[in-house]
Amino acid sequence: MHPQPHPPHHKRRQPIRIWLQPFVIGLVIVSAFVSCYVGLMRDPQPHRIPVAVTGPQLANKVQQALGDSIDVRRADSSTEALDALRHRDIVAALGTSPHGKDLKLDVASANGLSTTTAVTKLVTAYAHGADQHLSVSDIVPLDRYDARGLAGFYVSFGVTLSGFALAQNVVGLSGLLHLRHRFTLMAVFAAASGLVAAAIAGPILGAVPAPYLPLAFVLALLAAAAAFTTKMLATYVGPLGIPLATLLLLTVGNSTSGATIGTDLMPSGARTVSALLPPGAAVRAIADLSYFQSSHVLAPLATLILWAAGSAVLLAFRTAKQLPAAPATPQTQTAPTPHRFGEDHPTPHRATTDHTPTTHWADTDERHSAPGDGTTQHPAFTVPPKEPDTMLKASSDCVRPM
């Protein structure tokens, strides 16, 4: 057998998917980001905004005049309507003044400026058509350091981004840290992120008037949901998991959270998604804790817990499924499994026994495996194997009589 001559070296062309995939992913993300944020704010339309109306005659007139723009909910008294407004069961309360000629509208700007402005415009148009004067009162105003009601959104966005960034780094540590260590890292970071973000937004800056510990708990759940979801998607989907988490959490989740534009002004599909994703749930929980006596905080908390715990369980299940089988005998060697992007399994080690042949060298303290046994050889001490006939000749020379 003669060695074949090496073909002339030609520069290989890289496959087109190597540069096409990140190009397409980038275009998809920017398109989705602009479409969600700009598209939802381009032409918001009120859709069945809940408004309590006192008096059966006034309720009928308002419903006929405004149609599906508002959802008229009849109230027996102004006290009942205001109680529902303070507990976030409605967005506004409409009634007549004590003398019965003018109209009075009570709103809660803590529901968001976009929603409050839309309700005020609708009722003002009705009062103008009915030739009645309208007075507006803000029953649940925003905090003085959160004039536009966006503090909860930006806190949630920052916490979501931090959990997403941590998960990206944990993906790169899959071959270096054990699963329980990665879980501990993400859990401890989520708690620290919640405590720090709540302290800055609450006691330090005073922009979010929610109680500190409940606020920190909500933000910790949000960070855990973002981190574990991102890591889980990277484990199951591979290299496309990180872009998918970007679209799900940072783009769709934050744009439909209901802070920049109220959920009552979104299309029905966006409203449904808003309630199911972690950013939207966190924004609702922060508003409930801050302004509405935690009246509806349980549903957002359940959403955050399901995302965080569900992603962690799926991640642990996939990792346990990928663990290599135990060797049947001590001599069995386990071949290392190729490590895919984001997979969570420990790197298998070569099985060794006490019968592994080794050679001790006088000029080194290291142990090197003898050549030809299938183990790694030291490059400086490689001993070529002897041919069988050479070995026999050497043996006969040793026993030849003198």
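Which residue forms a salt bridge with Arg48 where the closest N and O atoms are 3.9 Å apart? The partner is Asp68. This is a predicted model. The structure holds four salt bridges. Side chains of opposite charge can pair when their charged atoms come close.

**Salt-bridge network**
- Arg48, Asp68, Asp71 and Arg73 are linked in a network of salt bridges.
- Arg48 and Asp68 are 3.9 Å apart at their closest N and O atoms. The pair links distant parts of the chain, 20 residues apart. Arg48 sits in the loop between α1 and β1, and Asp68 in the loop between α2 and β2.
- Arg48 also meets Asp71 in a salt bridge, at 3.2 Å from N to O. Asp71 lies in strand β2, 23 residues from Arg48.
- Asp71 meets Arg73 too, at 3.3 Å from N to O.
- Asp71 has a relative accessible area of 16%, so this residue counts as buried. Asp68 is exposed, at 53%.
- Arg48 is partly exposed at 39%, and Arg73 is partly exposed at 38%.

**Nonpolar surface patch**
- A nonpolar patch covers about 980 Å² of surface. Its residues include Trp19, Leu20, Phe23 and Phe33.
- Leu20 lies in helix α1, residues 16-42. Leu20 is partly exposed, with a relative accessible area of 33%.

**Helix packing**
- Helices α5 (residues 151-172) and α6 (residues 179-204) pack at about 160°, with axes 10 Å apart. Therefore α5 is roughly antiparallel to α6. Their crossing is right-handed.

**A buried threonine**
- Thr303 is in helix α11, residues 298-322. Thr303 is buried, with a relative accessible area of 16%.
- The C-alpha atoms of Thr303 and Leu277 are 7.4 Å apart. Along the chain, these two are 26 residues apart.

Key:
Residues numbered from 1 in each chain as written. Predicted model: local features only at pLDDT ≥ 70, side-chain atom pairs only at ≥ 80, totals over all residues. Heavy atoms only, no water. Patch = residues over 30% accessible without salt bridge, like charges linked within 9 Å, V, L, I, M, F, W, Y side chains within 5 Å. Areas by Shrake-Rupley, 256 points an atom, 1.4 Å probe, with all protein chains shown as cover. Salt bridge = Lys/Arg side-chain N within 4 Å of Asp/Glu carboxyl O. Helix = DSSP H or I, 4+ residues; strand = E, 2+ residues; numbered from the N terminus. Buried < 20%, exposed > 50% of the residue type's maximum accessible area, 1.4 Å probe, protein only. Axes fitted to C-alpha atoms, helices over the stretch in contact; angles between N-to-C directions. Parallel < 35°, antiparallel > 145°, perpendicular 65-115°, else oblique. Left-handed = near helix turned anticlockwise from the far one by under 90°.
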